[in-house]
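Please keep the sequence and the structure in view while reading.

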Amino acid sequence: MMNTHSIQPLQAPAASRPGRRAFAAGALLALAFAAGHAVAQPGEWPAKAIRMVVPYTPGGGTDVVTRLISERVANLNRWVIVVDNKPGAGGNIGLDAVAKSAADGYTFGMGQTANLAINPALLPSMPFNPRTDLLPVALVASQPMVLVVPADSPWKSLQDLIQAAKAQPGGIRQALASTGTVGHLAGEMLSFKAGIQVLNVPYKGASPAVTDLLGRQTHYMFGTPQAVYPLIKGQRLRALAVTSAQRLPILPQVPTVAESGFPGFEAVDWKLIVAPRNTAAGIAQKMNAAVNQALQDPGVLKQLQSEGSTPMGGSLQQAQAYLQKEQAGWATLIRDAKITLE
């Protein structure tokens with residue numbers, strides 16, 4: 001069953017007594033929006049509810065960010081946005097639904113690094129082509145991975161881990177929350193750049209991967225801040241490095257991988273709103289402006305930063321350029337490091 005959540009708009013402000021007729025019209029307009037059918041002049045957009053597809057299950061990181069941004073955009077603009085969860089196939093099912101939807105401005109989706117940049121180069125085939133079937137609309141936020149080891153691990157730095165891996169080729173075990181994810185590819189990138197061989201141990205999610213890491217079944221993993229930060233605070237895990245270009249505000253004492261001997265190293269899970277390719281430029285521009293406005297909201301900024309995310313934003317052109325750069329970069333790594341799904 002489709003999991004939906006309707007983001008209700010703000011009510012129209014009350015008018016003064018002399019403008020009772022204007023007030024009545026405003027009230028009717030607000031009611032129409034709440035029902036998902038706006039009273040609009042021909043050519044106006046939006047004239048009905050907007051669907052925002054999340055290609056993952058409710059409650060996950062992508063879902064939380066999508067609902068946060070959708071709610072703020074809806075409130076600021078008095079739009080109706082319905083969040084529609086369509087999980088499966090690493091995000092491909094949901095984004096395929098977006099790609100194949102009518103390009104009428106009423107369907108958008110929240111894409112991310114894995115399904116827009118990694119999957120096209122890693123999978124033998126995909127149901128849609130991210131380069132030709134989707135229109136980049138607005139960059140939302142990015143989040144690095146955190147390289148962690150058990151708190152009682154002898155490794156105090158990234159270089160300690162690398163030295164151990166070089167001394168025991170194939171003997172060090174890396175936990176993977178899943179294959180084809182940014183965490184997986186960050187680990188492959190490190191192995192390639194450091195010239196080490198480790199044994200990848202894939203799991204069906206972050207929770208079992210962290211459990212086995214704590215149980216010493218594996219030696220290290222690249223986890224999301226949501227998955228590992230509470231355990232770092234609780235002194236059950238130790239953070240050795242983060243994969244962003246700058247240090248993470250919630251972990252200011254933890255160096256980046258780039259600082260730890262690998263200049264230019266960056267692997268982040270970014271989120272990008274997309275639409276069907278032929279969506280009108282004017283509509284895409286309106287959504288882009290609305291997202292940029294929402295990203296300036298103090299409440300939105302506070303929530304993003306508290307979970308280890310960095311707000312992005314920017315123009316339509318910047319979204320397009322960023323996506324192309326990321327697609328090229330991940331494709332090059334996958335080719336040069338000969339990464340495959342085992």
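**Basis and overall make-up**

This is a predicted model, in which local features need pLDDT of at least 70 and side-chain atom pairs count only at pLDDT 80 or more, while totals for chains, interfaces and linings use all residues. Residues are numbered from 1 along each chain as its sequence is written, and side-chain values use heavy atoms, with hydrogens and water left out.

Of its 342 residues, 49% count as buried. Here buried means under 20% relative accessible area, exposed means over 50%, and partly exposed lies in between, with a 1.4 Å probe and protein chains only. Contact means heavy atoms within 4.5 Å. Among contacts between residues at least 6 apart in sequence, 78% join residues at least 24 apart.

**Packing of the helices**

Helix H3 (residues 92–99) is largely enclosed by the rest of the structure, because six of its eight residues are buried. These are Asn 92, Gly 94, Leu 95, Asp 96, Val 98 and Ala 99. They pack against strands E2 (50–54), E4 (107–112), E5 (134–144) and E11 (268–276), and against helix H4 (113–122).

Two packed helices are described by the angle between their axes and the distance between the axes. In this model, axes are lines fitted to C-alpha atoms, for helices over the stretch in contact, and angles run from 0 to 180 degrees between N-to-C directions. Angles under 35 degrees count as roughly parallel, over 145 as roughly antiparallel, 65 to 115 as roughly perpendicular and the rest as oblique.

| Helix pair | Axes come within | Crossing angle |
|---|---|---|
| H2 (residues 61–77) and H10 (residues 298–306) | 11 Å | roughly 175 degrees |
| H2 and H9 (residues 281–294) | 9 Å | roughly 105 degrees |

H2 and H10 are therefore roughly antiparallel to each other. On the H2 side, Val 64, Val 65, Leu 68, Ile 69 and Arg 72 make the contact, and on the H10 side Val 300, Gln 303 and Leu 304. These residues comprise six nonpolar, one polar and one charged, where Ala, Val, Leu, Ile, Met, Phe, Trp, Tyr, Cys and Pro count as nonpolar, Asp, Glu, Lys and Arg as charged, and the others, Gly among them, as polar.

H2 and H9, by contrast, are therefore roughly perpendicular to each other. Here Ile 69, Arg 72, Val 73, Leu 76 and Asn 77 of H2 meet Ala 290, Val 291, Gln 293 and Ala 294 of H9. The contact of H2 with H9 has six nonpolar, two polar and one charged residues.

**Nonpolar cores**

A nonpolar core is a set of buried Ala, Val, Leu, Ile, Met, Phe, Trp, Tyr and Cys residues joined through side-chain atoms within 4.5 Å. The largest one holds 48 residues, of which Leu 190 and Tyr 220 touch the most other members. A second, separate core of 30 residues includes Leu 68, Ile 81, Phe 108 and Met 287.

**Aromatic pairs**

Rings of Phe, Tyr and Trp (its six-membered ring) pair if their centres lie within 6.5 Å; planes under 30 degrees apart count as stacked, over 60 as edge-to-face and the rest as tilted. By this rule there are five aromatic pairs. The rings of Trp 45 and Tyr 106 have centres 6.5 Å apart and planes at 50 degrees, so this pair is tilted. Trp 45 lies in the loop between helix H1 (20–34) and E2, and Tyr 106 in the loop between H3 and E4, so the pair ties together parts that are 61 residues apart in sequence. Trp 45 and Tyr 106 are both buried. The rings of Tyr 220 and Phe 222 have centres 6.4 Å apart and planes at 75 degrees, so that pair is edge-to-face. One aromatic cluster is formed by Trp 45, Trp 79, Tyr 106 and Phe 108.

**Backbone geometry**

Most residues other than glycine have a negative phi, and most peptide bonds are trans. The peptide bond from Trp 45 to Pro 46 is cis, with omega near 0 degrees. Arg 216, which is not a glycine, has a positive phi of about 65 degrees; its place is in the loop between helix H7 (206–214) and strand E9 (220–223). Lys 338 has a positive phi near 55 degrees, and this residue is exposed, with a relative accessible area of 70%.

Key. Helix = DSSP H or I, 4+ residues; strand = E, 2+ residues; numbered from the N terminus.
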